[in-house]
Amino acid sequence: MRDALDEIDDQILGEVRSLYQRVDPVPPELGDRLKFALTVQALHAEVAELTEVPLAAARASQPDLQGAELAQTITFTSGSLSVMISLADSTSDEVSVDGWVTRGGARIELQVANTVYETVADEHGRFVFEAVPHGPAHVVIWPNPERSDDRPVITPTIEL
């Protein structure tokens, strides 16, 4: 038979919590990574891997590049398709996302924080999201949205 936790147990657990917060704190992005992993697992999705980031991808994290108009192109590849995304700042708070996917007619979702932007790629695979806020995001591609057994392809999280 187990006794309920008493004040001494609470004090010991509190000290252990404080110790771990000091020596091995939880990374701030861990919650978002867990949500992404659970989403991928729940969708039985295929995960695209990052295959190409040109040098122009060194975005405004460098102080001397702050405010500069930069473009960034990123390519992801999975077993069933590839997607290339080009980013351009439209304002200081928003970015334009131009993309091309190897499947015309694919449904594209851009997930930024708790907002999902949706569009359908044209017959050449081109798609555009305008005026998207900066922040961590990932792309979900439904290659054959008309089929009930369509499996999505999800990119890793990128910073817009």
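Me: Is R126 buried, partly exposed or exposed in this predicted model, and what is its relative accessible area?
Reply: In this predicted model, the class of a residue follows from its relative accessible area, with buried meaning under 20% and exposed meaning over 50%. R126 falls between these cut-offs and therefore counts as partly exposed, its relative accessible area being 35%.

Me: Which side chain meets that of R126 in a salt bridge?
Reply: The N to O distance of this salt bridge is 3.7 Å, and a salt bridge requires such a pair to lie within 4 Å. R126 belongs to strand β8 and its partner to strand β5 (residues 94-101), so the contact ties together parts that are 28 residues apart in sequence. The partner of R126 is D98.

Me: Which residue forms a salt bridge with R107, and is that residue buried or exposed?
Reply: The side chain of R107, which is partly exposed at 26% relative accessibility, meets that of E109 at 2.9 Å, N to O. E109 has a relative accessibility of 10%, and because buried means under 20%, the residue asked for is the buried E109.

Me: What is the bridge partner of E109 in β7?
Reply: Strand β6 (residues 107-112) and strand β7 (residues 115-120) run antiparallel and are joined by 6 bridges. Within this pairing, the residue of β7 that partners E109 is E118.

Me: Which residue in the turn of the β6 and β7 hairpin has a positive phi, and what is the angle?
Reply: Most residues other than glycine have a negative phi. The hairpin has 2 residues between its strands, and A113, in that loop, is exposed at 70% relative accessibility. Although it is not a glycine, A113 has a positive phi of about 55°.

Me: Where is A131 found, and what is its phi near?
Reply: A131 is found in strand β8 (residues 126-133), and at 37% relative accessibility it counts as partly exposed. It is a residue other than glycine with a positive phi, near 55°.

Me: What is the area of the nonpolar surface patch that includes L19?
Reply: L19 is found in helix α1 and is partly exposed at 40% relative accessibility. It makes the patch together with I8, I12, V16, Y20 and V23, and the area is about 580 Å².

Me: Which residues gather with D3 in a patch of negative charge on the surface?
Reply: D3 is found in the segment before α1 (7-23), and it counts as exposed at 70% relative accessibility. The residues that gather with D3 are D6, E7 and D10.

Notes: Residues are numbered from 1 along each chain as its sequence is written. This is a predicted model: local features need pLDDT of at least 70, side-chain atom pairs count only at pLDDT 80 or more; totals for chains, interfaces and linings use all residues. Side-chain values use heavy atoms; hydrogens and water are left out. Patches are made of residues with over 30% relative accessible area and no salt bridge: like charges are joined within 9 Å, nonpolar side chains (Val, Leu, Ile, Met, Phe, Trp, Tyr) within 5 Å. Accessible areas come from the Shrake-Rupley method with a 1.4 Å probe; for residues, only the protein chains shown count as cover. Lys and Arg count as positive and Asp and Glu as negative; His and the chain ends are not counted. The place of a charge is taken as NZ of Lys, CZ of Arg, CG of Asp or CD of Glu. Helices (H or I, at least four residues) and strands (E, at least two) are DSSP runs, numbered from the N terminus. Buried means under 20% relative accessible area, exposed over 50%, partly exposed in between (1.4 Å probe, protein chains only). Two strands pair if DSSP finds at least two bridges between them.
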